[in-house]
Amino acid sequence: MKKVAKRAAGLHRASLTKLHDLDAALELMYYGWRGMTLTADQYLATLGLSRPHHRILYVVARQPDISIGALIEILGISKQALNRPLSLLLERKLLTSTRSAEQHRSKLLRLTEAGKRIEQRASGYERKVLREAFDRVGQPGAAAWMAVMGAIADNN
């Protein structure tokens with residue numbers, strides 16, 4: 001039976017030499033992201049999917065009938081980077097693509113029921129990690145985290 005490591009082999013937050021006063025914060029971003037997405041990514045892997053697929057499903061779930069151009073803009077990726085994961089999601093019938101009535105050259109994306117179930121389960125794993133962390137640090141800690149992440153997101 002294959003073992004799944006809870007932590008990255010040989011790397012733990014305290015094991016890296018700090019070369020700058022903000023290195024600890026950078027490491028928390030890296031390890032925090034990995035900690036939040038670990039279970040979701042393991043679930044997605046059982047389906048032959050990965051993080052890019054989940055990002056697409058997440059956005060389309062929250063903006064049904066989104067155009068491919070708008071999806072590219074929201075994800076901040078190129079058309080080429082979107083092509084492979086989007087094609088797989090369409091091929092597996094996790095998304096539908098229809099022509100826009102207003103702009104015939106534009107395709108609109110929507111989740112299928114199967115796509116909704118996968119997105120909800122993967123995002124549910126991530127929400128669970130966030131909820132547990134917020135519960136541990138309390139409302140002031142959660143508010144501070146939201147403020148810091150908002151300030152970082154403003155760099156987009």
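Histidine 53 is buried, because its relative accessible area is 9% and buried means under 20% (exposed is over 50%, partly exposed in between, with a 1.4 Å probe and protein chains only). This residue sits in helix 2. Leaving aside residues up to four places away in sequence, histidine 53 touches Pro85, Leu88 and Leu89, where contact means heavy atoms within 4.5 Å.

Before going on, a word on what you're looking at. This is a predicted model, in which local features need pLDDT of at least 70 and side-chain atom pairs count only at pLDDT 80 or more, while totals for chains, interfaces and linings use all residues. Residues are numbered from 1 along each chain as its sequence is written, and side-chain values use heavy atoms, with hydrogens and water left out.

**The whole chain**

The chain holds 5 helices and 3 strands. Helices (H or I, at least four residues) and strands (E, at least two) are DSSP runs, numbered from the N terminus. Reading from the N terminus, the elements go α-α-β-α-α-β-β-α. Along the principal axes, the C-alpha atoms fill a box of roughly 55 × 45 × 30 Å. Of the 156 residues, 26% count as buried. If you take contacts between residues at least 6 apart in sequence, 51% of them join residues at least 24 apart.

**Helix 2**

Back to the helix that carries histidine 53. The buried residues of helix 2 are Arg51, His53, His54, Ile56, Leu57, Val59 and Val60.

Two helices can be compared by how they cross helix 5. Axes are lines fitted to C-alpha atoms, for helices over the stretch in contact, and angles run from 0 to 180 degrees between N-to-C directions.

The axes of helix 1 (residues 23–46) and helix 5 (residues 113–153) come within 7 Å and cross at roughly 165°. That makes helix 1 roughly antiparallel to helix 5; angles under 35 degrees count as roughly parallel, over 145 as roughly antiparallel, 65 to 115 as roughly perpendicular and the rest as oblique. Among the residues of helix 1 at this contact are Met29, Gly35 and Tyr43, and helix 5 brings residues including Ile118, Tyr125 and Met149.

For helix 2 and helix 5, the axes come within 9 Å and cross at roughly 105°. That makes helix 2 roughly perpendicular to helix 5. The residues in contact include Arg51, His54 and Leu57 of helix 2, and Gly115, Ile118 and Glu119 of helix 5.

Two strands pair if DSSP finds at least two bridges between them. Strand 1 (residues 66–67) and strand 3 (residues 107–111) are antiparallel over 2 bridges, while 5 bridges join strand 2 (residues 95–99) to strand 3. Here are some bridge partners:

| Residue | Bridge partner in strand 3 |
|---|---|
| isoleucine 66 | leucine 109 |
| serine 97 | leucine 109 |
| arginine 99 | lysine 107 |

Is asparagine 156 buried or exposed? At 87% relative accessibility, asparagine 156 counts as exposed, and its place is in the segment after helix 5. The C-alpha atoms of asparagine 156 and glycine 76 are separated by 8.7 Å, although these residues are 80 residues apart along the chain.

Now look for leucine 28 in helix 1. Leucine 28 counts as partly exposed, at 47% relative accessibility. From leucine 28 to leucine 109 it's 81 residues in sequence and 35 Å in space, C-alpha to C-alpha.
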